[in-house]
Amino acid sequence: MVANSAPTLKFYNGNEIPVFGLGTWKSKPGEVTQSVKDAIDIGYRHIDCAHVYGNEKEVGIAIKEKITQNIVKRQDLFITSKLWNTFHKPDLVESAIKTSLSDLGLEYLDLYLIHWPVAFKEGDDLFPQNPDGSPSFSDADYVDTWKAMESLVNKGLTKNIGISNFNSEQIERILKICTIKPVTNQIECHPYLTQKKLSKFCKDKDILITAYSPLGSPDRPWAKPDDPKLLDDKKLCEVAKKYNKTPAQILIRYQLDRGHIVIPKSVTRSRIAENYEVFDFKLSSEDIEYIDSFDCNGRICPLSGSEASPHYPFHISF
C-alpha cells in the first residue's frame, strides 16, 4: 500500500513542493532505477536529479514505469534537475534542460536549478582542466545565465527555477536583475554546517532552503577514514534514543522542523522507507537548539579546486 505523500511547502509564486524528496547524487546507474521505483512505491513524490550525476536516463526509466503502472500520474510527481557548470553561457541553457528532459523522458520539469554559481569552460568535458590539472573556467556570469533560466519558464520547459550553492551576495545580485525570483536555494545543510545565517537571509527574501547531504554524505567519494561521521555522533545518538528514532530520522526531522525541504539519498529500500518515517513526531525547540550547537563549519562539498573562480561561493561567511 502506498503511504500518504509528504506534506508540501508553498513557493512565493503559489506553486507547491513536497518537503521531502529522494536525492540521487552518487546513486549508480545500475541502482538508481530500482531506488526511484522503491521510493515512489513507498510514497515519495519528489525526486532530485542533476545532469552531472550521470544517471538521469535511469531515473527516467523508473518514472515511466510507475506512470505506466498507474501508481502515479506525471502531475503527482515533483522532478528537479540542475544546469551544470559547463552550460552557463545563455545560448547553452535551453539545450541543457532539453537534454535532461529527454534523458528523464519528461515534457517539463517542476524545478530547474543553476547547480553552482561557478562556470566551467564550455565543451563535452563536464570537468574541463587546464594543462596543470586546475579547473578551466568560463567567463560566463551567472546573472546572464539567470536571464536565460527565466526564458525556460516562459517556454513551459520548467514550472519553477532556482539556484544551488549560492551565497547571500550572489543571491542579492540575482534579485537586482531578475523578473522571476529564485524559488529555492539548494545548499549543503546538516548539524555540522547549520547554515543559520543563509537560511534566515533566504527566508527574509521568500526563498525556501532545500537541504542536501542532510545525513552528512558518509559515502562521498573524497571522505577520509578519520573524518567525523555525523550519523555516529554520540550526542546525536542520545537525541535519537530519546525520540525512539534512528539518527538519520532525527537529522531529517531537524531540517523539516527548521522549515527546510530535505532530500536524503539512499539506494537501499529499507533505508528509503526508514527515511520517510519522520512525519509522526517533531523535535522540541530545545533539541533543535542543542543540535544547532554541533555546528563546526564542517562543509563536505566545497567544490575543491574552484577557489580561483571569481564566482566561488564559499569565500564569504554566508
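In this predicted model, Met149 touches Leu83, Val93, Tyr112, Leu113, Ile114, Ile161 and Gly162, leaving out residues up to four places away in sequence; contact here means heavy atoms within 4.5 Å. Residues are numbered from 1 along each chain as its sequence is written, and side-chain values use heavy atoms, without hydrogens or water. Because the model is predicted, local features need pLDDT of at least 70 and side-chain atom pairs count only at pLDDT 80 or more, while totals for chains, interfaces and linings use all residues.

Met149 is also listed with Phe20, Ile79 and Ile250 as having the most contacts inside the largest nonpolar core, which has 83 residues. Apart from that core lies another of eight residues, including Ile17, Phe78, Leu111 and Val183. A nonpolar core is a set of buried Ala, Val, Leu, Ile, Met, Phe, Trp, Tyr and Cys residues joined through side-chain atoms within 4.5 Å. Buried means under 20% relative accessible area, exposed over 50%, and partly exposed in between, with a 1.4 Å probe and protein chains only. In soluble globular proteins, nonpolar side chains tend to be buried together.

Helix α4 spans residues 142–154; helices (H or I, at least four residues) and strands (E, at least two) are DSSP runs, numbered from the N terminus. Its 13 residues reach 19 Å from first C-alpha to last, close to the 18 Å expected at 1.5 Å a residue, the expected span being 1.5 Å times one less than the number of residues. Tyr142, Val143, Thr145, Trp146, Ala148, Met149, Glu150 and Leu152 are buried in α4. Their cover includes the strands β5 (78–83), β6 (111–114) and β7 (161–164), together with the helices α3 (90–104) and α5 (168–177). At the start of α4, a side-chain oxygen of Asp141 comes to within 2.9 Å of the backbone nitrogen of Val143. After the helix comes Gly156, with a positive phi near 80 degrees.

Turning to the loops, Tyr53 sits between β4 (46–48) and α2 (56–68). An unreviewed UniProt entry lists Tyr53 under "active site"; such annotations may be inferred rather than shown by experiment. Tyr53 counts as buried because its relative accessibility is 18%. Beyond its neighbours within four places in sequence, Tyr53 is in contact with Thr24, Trp25, Asp48, Lys82 and His115.

Val19 lies in the loop between β2 (16–18) and β3 (22–23), and its relative accessibility of 8% makes Val19 buried. The C-alpha atoms of Val19 and His260 are separated by 7.2 Å, although the two are 241 residues apart along the chain.

Terms used: A polar contact is a pair of N or O atoms within 3.5 Å; within protein, one must be able to donate a hydrogen and the other to accept it, and residues adjacent in sequence count only if both atoms are side-chain atoms.
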